Amino acid sequence: MSSLRSVLRVLRPVALAALAAAFLVVPRIVPVYFVHLLILTLVYGTMAMSLDLLMGYTGLVSFGHAAYFGVGGYTVGILALRYGLPTLAAGVGGVLVAFVQALLFGLVALRATAVYFLIITLALGMATWGLAYRWVSLTGGDNGLAGIPPPEVGLPWSLSDPTNLYYLILGVVVLAALVLYRFVRSPFGLSLRGIRESESRMRVLGYNTWAHKYVAFVVAGTFSGLGGVLYVFYNGFVSPADVHLTGSAEAVLMVLLGGSGTLFGPVIGAGVVVFLRNLVSAYTHRWLLILGLVYVLTVLYAPRGILGAAQELWRRLERAVVREAEPRAEVRPIEEVAPQQNPTGGEESV
Amino acid sequence: MEFWVGQTLNGLSFGALLFLLASGLSLMFGLMRIVNIAIGSYYLIGAYVALSALKFSGQLGLALLGAVAAVALIGVGMQRFLLARFHAEPQPQVLLTMGAAFMFADIALWLWGGDPQRLPTPRMVAFSVEIGPSVFPAYRLVVIAVGVLVYLFLWLIQERTRLGAIVRAAVDDQEMARGLGINVGRILTAMFAVGAGLAALAGVVGGPFLGVYPGADFEVIPLAFAVVIIGGLGSLHGALAGSLLVGLVDNFGKALFPELSYFTLFLPMALVLAIRPTGLFGKG
């Protein structure tokens, strides 16, 4: 029986390694169209991961997360096109402006909680969309900004080749994912989960819950901005559609599909949305209808998402294995066994 | 002077329109704690149904009634079949209404096409009036009147009738109201129908001067939300105060800073939230 247990223990890193290998090798062997979809998965995945920081870990559903994505992208476009800034400077500028935007919006949005927070972020997101749409002299209005040059960071490989750009973006996204992972695993991340479970209790324990939420909000906005920066470097084009409520709602769907509170799940969710959208648009123009339908079906039938469901399955499997191993523990006095009988207690579900 | 009078009246008429939307939103929220993102879809579909009904019957009054009834029915369907199973769980409810809003947007595009259309101004009020130095379309005054009438009507029902008392009882304490033999479920559904109907009314009333086009649904949502953020969810007075403020700010924003127009809402919202996080008339 313990062999099964060790198989399970080995399986997780193997799966992770296989995933990493797939991300590294697949672009070499698939058509360039799929590389395109993979890049989109990575950039939207960055936005979705950052949103999960709010949705999954802090319990704040934001319906305006595309605003930071769009502002990051627009800033790159404006800096590169109008001021001729080099890639790195424009990129850093994009992330910085999204950071400042999140600093500002956070002050407003976090005045409220729960449903109020949701509608305020939605209104702020659409206000940003209005800015992109109407501030024609800066943003090009409905036409957007076209012809943003591909990144040039002094590498020997040409980054106008999508596969090379893919690896650069993959590197940045993996780095961002690691930072976010450290963030949610840190004591600070734990305190965020505490706030999600019971804000009043955390406050009584002496935590400044507002400040914690504010930091989470700003970090989430900044990383969404990073996603937008990468997106525009790849896409060469940014338009109000990238800031629209549809984008924010897609981000929420990515988190839901992937499983909120799993950090990497939303990247899978992003992949599902990106691939689904391209699959659907090959046959019909009814993407919004499908998007709405997926939304409704997910809420009704898969509220914990793909990775959430997988984790649940994993936990059950583990429990089954532990239970099979249990008989050996029978001879021990009950007091010693008791703490072990509940290996998947509160700690993991937090 | 002419500018200020004209723009103020424009702002007030737009505010009256927003009031219809926001009071609908508030009604639904007051009883069910549902923030209905599909309110913009009710607005747009209301206007589209009125367009079709007008083409079919030639009667503006009939078109108005048809639109309100059809959308009220849609609202009831959503409440019964989608939202009722997530009682007191705001997050899935909001997500469901978001999904529904996307589906409605696409279905409307499918049925009525992508070209911008316009409802005709009723012939009776298709003239201009002079107010001081400025000339003003009479229809805008009608819109203001509709807003005022609906406000008075809702206020009277809420404060002065038995039905209003029952609704208030259900808002304050659902369990107790149930215990007193009030059929709370039926009241919830009825309020949802009224809220959706009000949004459809807004679509029909706004059709002649705002136009009917795809995307209008998502454009009015943030405005309606700004109203309830400023006024406070679930409060009729709040919806009125918020709509007037948002209507005026949006209108002067468009006139004075056309490039920042949509964004000008940000300022009053931030100010109100800084002072009162639950809005001017919100109950926390």
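**Exercise 1.** Against which helices do the buried residues of H11(B) pack?

*Solution.* The structure is a predicted model, in which local features need pLDDT of at least 70, side-chain atom pairs count only at pLDDT 80 or more, and totals for chains, interfaces and linings use all residues. Residues are numbered from 1 along each chain as its sequence is written, chains are lettered from A and ligands numbered from 1 in the order in which they are written, and side-chain values use heavy atoms, with hydrogens and water left out.

Step 1. Locate the element: helix H11 of chain B spans residues 266-275. Helices (H or I, at least four residues) and strands (E, at least two) are DSSP runs, numbered from the N terminus.

Step 2. List its buried residues, where buried means under 20% relative accessible area with a 1.4 Å probe and protein chains only. They are Phe266(B), Pro268(B), Met269(B), Ala270(B), Val272(B) and Leu273(B).

Step 3. Identify the partners. In chain A these are helix H4 (87-109) and helix H5 (114-134), and in chain B helix H9 (216-231) and helix H10 (236-256).

**Exercise 2.** Describe how H2(A) packs against H7(A).

*Solution.* Step 1. Two packed helices are described by the angle between their axes and the distance between the axes. Axes are lines fitted to C-alpha atoms, for helices over the stretch in contact, and angles run from 0 to 180 degrees between N-to-C directions.

Step 1. The axes of H2(A), residues 32-58, and H7(A), residues 162-185, come within 10 Å and cross at roughly 15 degrees.

Step 2. Angles under 35 degrees count as roughly parallel, and H2(A) and H7(A) are therefore roughly parallel to each other.

Step 3. By class, the contact has 18 nonpolar, three polar and no charged residues. Here Ala, Val, Leu, Ile, Met, Phe, Trp, Tyr, Cys and Pro count as nonpolar, Asp, Glu, Lys and Arg as charged, and the others, Gly among them, as polar.

**Exercise 3.** Carry out the analysis for H2(B) and H4(B).

*Solution.* Step 1. H2(B), residues 39-57, and H4(B), residues 90-112, pack at an angle of about 20 degrees, with their axes 10 Å apart. That angle makes H2(B) roughly parallel to H4(B).

Step 1. From H2(B), Ser41(B), Tyr42(B), Ile45(B), Tyr48(B), Val49(B) and Ser52(B) meet Ala101(B), Phe104(B), Ala108(B) and Trp112(B) of H4(B). The contact comprises eight nonpolar, two polar and no charged residues.

**Exercise 4.** Is Thr97(B) buried or exposed?

*Solution.* Step 1. Thr97(B) lies in helix H4 of chain B.

Step 1. Its relative accessible area is 0%, so Thr97(B) is buried.

Step 2. Leaving aside neighbours within four places in sequence, its contacts include Val35(B), Ile37(B), Met78(B) and Leu83(B).

**Exercise 5.** How many bridges join E1(B) to E2(B)?

*Solution.* Step 1. Two strands pair if DSSP finds at least two bridges between them. Four bridges join E1(B), residues 128-131, to E2(B), and the strands run antiparallel.

Step 1. Within E2(B), Pro137(B) is the bridge partner of Ser128(B), and Phe136(B) that of Val129(B).

Step 2. E1(B) and E2(B) form a hairpin with two residues between them, and Gly132(B) in the turn has a positive phi of about 60 degrees.

Terms used. Parallel < 35°, antiparallel > 145°, perpendicular 65-115°, else oblique. Contact = heavy atoms within 4.5 Å. Buried < 20%, exposed > 50% of the residue type's maximum accessible area, 1.4 Å probe, protein only.
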